[in-house]
Amino acid sequence: MTYIKTKLKRSIDIDAIITLHYFEYMKNFEFKGESHNFWEFLYVDKGTVAVRADDTWTTLKTGDIIFHQPNEFHAIKSIGKDSPNLVVMSFTCDSPAMDFFIRRNFTLSMEERSMISQIITEARQTFSTPMHIPSVEQVELKDNTPFASQQMILLYLELFLITLIREHQPTGNASSAMHKSSPEKESTEHERLSEILKFLEFHICEKLTVSDICDAFSISRSALQSLFHEQLDCGVIDHFNKMKIQRAKDIICDGSMNLTEIAYFLSYSSLPYFSKQFRIATGMSPSAYASSVKGITDALRNSKERERDV
């Protein structure tokens, strides 16, 4: 047999990453604007902002994203009652398919939002540059990173852009558009719960309210609480607090932070308050749990050492 290779086309090919920021603006923040010769997107993870693209102003709310093409002047100002959380990523790409994003903004699905989360998660393992400082103009690489982490960032970004082009194609078919947003097309309760849990995981380090979650998913308070009580037998904030405690336990086991750092990382108001919530959830204090984990770890280590000596 004669085998013939088929060269596959790359429709989106990212050349380089310029910046990646994830931070919270002040309520009255205003950025006067700039233009540059590379692509940039701005995703609103929380809050409301007004974004300028050349001479056009657009209001973006939680879950919305806007793209700025190279050399397009853009500015931003916070206009909501809450401080907005924003993800801003800039990159170079000469692929003709990028023309799709010229003058475009969308509301992202939870699947698309999770892709941004994947980019940020991989970037935290790859870049030493802090993402919460918007003045940083160049990302720097860590000395030790997971295998192929740089490539993973490029792949996640390319997958994200490809998905947007597939899912947000304009259509003139009104019936098709109606069908897309009809109740029949909505997620099942299980799927919606899964999406909300991903959202909670993404915001595990923040203070979330029921209103924040309702706004993010366009769901009423009663429907949200009913969903969690029916599926998980608890309220949404109760479950979010359980997730925080589990994350705290994971960090304690990992040994990468002390208790004060963990409390700050998970947005507890103080170490005593964190300790109180931890004790309520687990029946022991964080320090007692840390000691128990250390004891188990030391015991396992000693056991393995004895096995090697035999």
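Colleague: At what angle do helix α4 (residues 189–202) and helix α5 (residues 210–217) pack?
Modeller: This is a predicted model, where local features need pLDDT of at least 70 and side-chain atom pairs count only at pLDDT 80 or more, while totals for chains, interfaces and linings use all residues. Residues are numbered from 1 along each chain as its sequence is written, and side-chain values use heavy atoms, leaving out hydrogens and water. Helices (H or I, at least four residues) and strands (E, at least two) are DSSP runs numbered from the N terminus. With axes (lines fitted to C-alpha atoms, for helices over the stretch in contact, with angles from 0 to 180 degrees between N-to-C directions) lying 11 Å apart, α4 and α5 pack at about 125°.

Colleague: Which word describes how α4 and α5 lie to each other?
Modeller: Under 35 degrees counts as roughly parallel, over 145 as roughly antiparallel, 65 to 115 as roughly perpendicular and the rest as oblique. The angle here is about 125°. The two helices α4 and α5 are therefore oblique.

Colleague: Let's turn to the strands. Why is strand β6 (residues 64–68) described as largely enclosed?
Modeller: Buried means under 20% relative accessible area, exposed over 50%, and partly exposed in between (1.4 Å probe, protein chains only). Asp-64, Ile-66 and His-68 point one way from β6, and Ile-65 and Phe-67 the other way, and all are buried. So β6 is largely enclosed by the rest of the structure because its buried residues number five of the five.

Colleague: In β9, which residue is the bridge partner of Ile-66?
Modeller: Two strands pair if DSSP finds at least two bridges between them. Strand β9 (residues 105–107) runs antiparallel to β6, with three bridges. There, Ile-66 is partnered by Asn-105.

Colleague: How many bridges join strand β4 (residues 48–53) to β7?
Modeller: Strand β7 (residues 74–78) is mostly covered, with four of its five residues buried. Val-49 stands opposite Ser-78 in β7. The strands β4 and β7 run antiparallel, and the bridges joining them number five.

Colleague: One last thing: to how many disulfides does the count come?
Modeller: A disulfide is a covalent bond between the sulfur atoms of two cysteines. Here it is counted as a pair of cysteine sulfur atoms within 2.5 Å. By that rule, the number of disulfides is zero.
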